[in-house]
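Please keep the sequence and the model in view while reading.

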Amino acid sequence: MLTSRKSLAYGLCFFASLAALPLHARTIDISTPSTSMLLDAKPGAPLEILYFGAPLSQNDITSVAASSAPREAYPVYGDFPEREYAMAAVMPDGNMTLRLCVSGEPSTETAPDGAIITAIPMADPQYPLKVVAKYRTYPGDDIIEAWVEAVNTGKKPLTLTRFDSSCLPLRKGDVWISTLSGSWADEANLLNEPLTTGMRIIQNHDGTRNSHTSHAEVMISLDGRPHENSGRVIGAALEWSGNYQLRFNTDPGDWHQFFAGMSERNSSYTLRGGETLATPPLALTFSSKGLGGVSRSFHRWGRRHRLAHGDTPNPVLLNSWEGVYFDINEPGMARMMSDIASMGGELFVMDDGWFGDRFQRNTDNAALGDWTVDTRKLPHGIDGLLKTAEKNGIRFGIWLEPEMTNTMSRLYQTHPEYVIQAASRDTVKGRGGTQLVLDMANPKVQDLVFGIVDTLLTRYPAISYIKWDANAPIMQHGSQYLAAADQSRLNIAYHRGLANTLTRIRAKYPDVMIQACASGGGRVNWGFLPWFDEFWTSDNTDALQRVYMQYATSYFFPAMAMGSHISAVPNHTTRRSMPIKFRTDVAMSGRLGMEIQPAQMTDADKQFCKKAIDIYKKELRQTVQTGDLYRLLSPFDGKGASALMYVSENKDRAVFFMYRTDNSYGATVPRVAMDGLDPQALYTVTEINAIDRKPLPCEGKTFSGAYLILNGLELPAAHDLDWNDRSDFSSRVLLLRKN
Ligand code: DGJ
């Protein structure tokens with residue numbers, strides 16, 4: 001009986017199209033070890049989603065398929081305009097209704113990297129638009145990626161005015177979302193909120209860097225307030241480095257709908273005949289073990305399939321930025337290299353300020369684009385620096401901002417047509433009053449950017465690390481390369497061009513390490529990271545604020561990729577002062593590094609860091625960077641402390657971190673239960689970076705995993721120090737070794 005709105009939609013699909021195709025259910029189970037998605041690809045009907053959650057037995061698949069409330073897997077605009085939708089199109093004749101019905105047999109293939117890809121073809125029965133829904137899994141990993149590829153199968157152009165990657169219906173109940181948002185130097189604030197009526201939109205329209213204001217990842221807790229270790233949680237991450245929208249729509253009725261995709265704002269996409277638009281994957285996962293289960297799935301998948309060299313822990317480095325800013329010179333660099341080498345560091349990265357000939361890079365207003373070494377500052381050039389690095393037994397890395405230029409640069413003066421600029425308009429300038437963004441939509445600019453890296457790495461093959469920065473948004477909508485009719489493609493074409501360039505770089509230079517930096521944490525996104533080894537979490541290196549930032553960032557991103565540096569006090573951003581122990585303990589919970597002028601450190605602080613770096617490399621790094629993360633106490637919960645631990649895959653080793661976040665005199669810290677350990681095993685406790693006058697009572701003692709999981713350890717709130725050495729800060733790092 002075609003009475004409800006939903007069955008009307010079906011009726012429209014059947015009626016119009018498919019006399020030839022039989023009408024029967026075609027259940028498709030897309031499964032990973034902990035997540036399952038059940039679809040019904042009934043030929044001639046809209047694709048439906050029957051289930052998303054924990055894996056199902058064969059028996060339950062049959063019963064769920066027969067009894068669940070099916071929802072459209074990819075709703076489209078037109079026949080019921082009041083409904084929220086994933087895709088909208090304007091057909092060549094101006095028709096604004098779109099209908100998509102399953103139009104053929106689903107297929108499955110195994111890609112060269114081992115991924116299993118299921119493709120379900122859909123088509124508009126009357127118009128030449130085909131949309132293939134795709135799903136990708138990797139054996140043994142818990143992420144299902146979903147996206148669509150839209151093809152204009154006709155000759156005349158048609159325009160997509162919305163093109164989400166996917167849609168997920170969520171049964172109403174007590175559904176909460178957890179999101180990360182912030183701004184420069186204040187990245188990754190955690191927000192937990194219940195879904196209520198109306199539309200909740202998470203979006204970013206920066207143009208180049210998409211994770212400062214809001215992140216394109218979200219946790220969806222289905223059983224009320226989010227918990228770390230319990231409750232059903234869906235994790236979703238849009239793998240797209242450009243403008244995006246995540247939308248939660250709640251109409252009257254039993255369901256919320258979650259949509260995710262590239263933003264269509266001023267970006268309508270006209271497909272010429274035969275042309276395809278592939279949307280970026282939405283990575284989805286499910287856990288019945290709370291937020292922590294979802295994070296561990298993202299971390300494992302990210303290390304195995306997304307990060308460059310995700311199987312190899314990253315080195316301890318010194319980055320020159322906060323140490324010297326633009327004041328680069330040869331003796332200064334040599335001194336920093338010998339200092340970090342003497343503290344046990346493995347890599348030195350020379351930040352901004354090393355380049356420029358006609359225009360000098362002494363501040364941020366000149367020379368971007370002119371990537372020739374400034375021999376007034378570095379008379380022996382990069383070769384000289386590489387020799388010094390070699391002499392010190394460390395590797396050498398260098399800063400680049402390849403997508404940008406300044407008006408005061410040879411590049412801009414020779415090629416003004418390479419920058420983003422709207423026709424008949426003056427350019428809008430950014431950092432330093434002169435910074436401009438290169439038009440990555442332009443293949444010549446892509447060649448130029450590839451050439452910047454290629455020239456550098458060909459001339460200096462010993463460079464082993466690049467810090468790839470981006471410090472400006474797209475400040476004006478306009479491409480000098482794209483045709484007038486294609487201007488609305490800019491936001492997408494920029495990132496496609498960037499991706500092509502990075503793919504070329506990686507094809508030629510698979511071994512070089514590359515850091516994704518963008519005014520700090522502006523590019524912490526799974527759409528950008530596949531060409532990168534790690535990211536710079538924030539320009540704010542204040543250890544107390546980093547406790548919060550790193551905790552929230554760990555919702556989706558693994559410690560191995562999270563650049564986390566010991567810096568000077570007072571902190572350059574917040575002016576807060578914290579003891580070297582606190583700064584070091586916080587940095588050790590990620591990819592440890594330094595962001596400081598070692599020449600200005602006291603001998604005692606240097607000694608402290610030297611010991612810490614040594615023990616990090618020998619005893620902690622492998623577990624922190626490749627182990628499973630268990631978050632134990634959230635700083636956002638206001639309990640006066642934060643705690644987390646990493647446990648190695650075989651559970652023979654764990655590293656526990658605890659930080660006091662309430663620095664009032666007399667504040668107490670709760671006792672924190674541990675997690676992830678083998679309950680049957682015995683673990684011996686060793687404090688790392690200990691500073692107290694007496695060892696902790698638990699030092700050297702052995703506890704069962706079961707005891708630690710239930711009770712944790714008794715840890716004092718403050719350090720036991722001479723009065724004059726005391727501070728408001730306290731922190732603990734404990735190594736647990738299985739006997
Ligand atoms: C912004 C980055 O986040 C900093 O670490 C530093 O590299 C500066 N740019 C250099 O201009």
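The model discussed here is predicted. Two pairs of helices are described, helix 11 with helix 12 and helix 5 with helix 6. The briefing then turns to helix 10, which is mostly covered, to Ala341, which has its place in helix 5, and to a cis peptide bond from Val569 to Pro570.

**Helix 11 and helix 12**

- Helix 11 spans residues 580–587 and helix 12 spans residues 603–626; the two pack at an angle of about 25 degrees, and their axes are 10 Å apart.
- Angles under 35 degrees count as roughly parallel, and helix 11 and helix 12 are therefore described as roughly parallel to each other.
- The crossing in which helix 11 passes helix 12 is right-handed.
- On the side of helix 11, the contact is formed by Ile580, Lys581, Arg583 and Thr584, while helix 12 contributes Asp605, Phe608, Cys609 and Ala612.
- Sorted by class, the residues of this contact between helix 11 and helix 12 comprise four nonpolar, one polar and three charged.

**Helix 5 and helix 6**

- Helix 5 covers residues 330–342, and helix 6 covers residues 381–391.
- The packing angle of helix 5 and helix 6 is about 25 degrees, with 10 Å between their axes.
- Helix 5 and helix 6 are therefore roughly parallel to each other, and their crossing is right-handed.
- Glu330, Met333, Ala334 and Met337 of helix 5 meet Gly381, Leu385, Thr388 and Ala389 of helix 6.
- The contact of helix 5 with helix 6 contains five nonpolar, two polar and one charged residues.

- Which residues does Ala341 contact, leaving aside its neighbours within four places in sequence? The contacts of Ala341 beyond those neighbours are Asn392 and Ile394.
- Ala341 and Gly44 are 297 residues apart along the chain, and their C-alpha atoms are separated by 66 Å.

**Helix 10**

- The N-terminal end of helix 10 is capped by Asp542, which has a side-chain oxygen 2.8 Å from the backbone nitrogen of Leu544.

**Backbone geometry in loops**

- Most residues other than glycine have a negative phi, and most peptide bonds are trans.
- The peptide bond from Val569 to Pro570 is cis, and its omega is near -10 degrees.
- Pro570 is located in the loop between strand 30 (562–567) and helix 11.
- Ser424 is a residue other than glycine with a positive phi, near 65 degrees. This serine, Ser424, belongs to the loop between helix 7 (410–414) and strand 26 (435–437).
- Is Ser424 buried or exposed? Ser424 counts as exposed because its relative accessibility is 78%, and the cut-off for exposed is over 50%.
- Ser519 is not a glycine, yet its phi is positive, at about 50 degrees. The loop that holds Ser519 lies between strand 28 (513–516) and strand 29 (534–536).
- Ser519 counts as buried because its relative accessibility is 8%, and buried means under 20%.

Note on methods. Residues numbered from 1 in each chain as written. Predicted model: local features only at pLDDT ≥ 70, side-chain atom pairs only at ≥ 80, totals over all residues. Heavy atoms only, no water. Axes fitted to C-alpha atoms, helices over the stretch in contact; angles between N-to-C directions. Helix = DSSP H or I, 4+ residues; strand = E, 2+ residues; numbered from the N terminus. Parallel < 35°, antiparallel > 145°, perpendicular 65-115°, else oblique. Left-handed = near helix turned anticlockwise from the far one by under 90°. Contact = heavy atoms within 4.5 Å. Nonpolar A, V, L, I, M, F, W, Y, C, P; charged D, E, K, R; others polar. Buried < 20%, exposed > 50% of the residue type's maximum accessible area, 1.4 Å probe, protein only. Polar contact = N/O pair within 3.5 Å; in protein donor to acceptor, adjacent residues only side chain to side chain.
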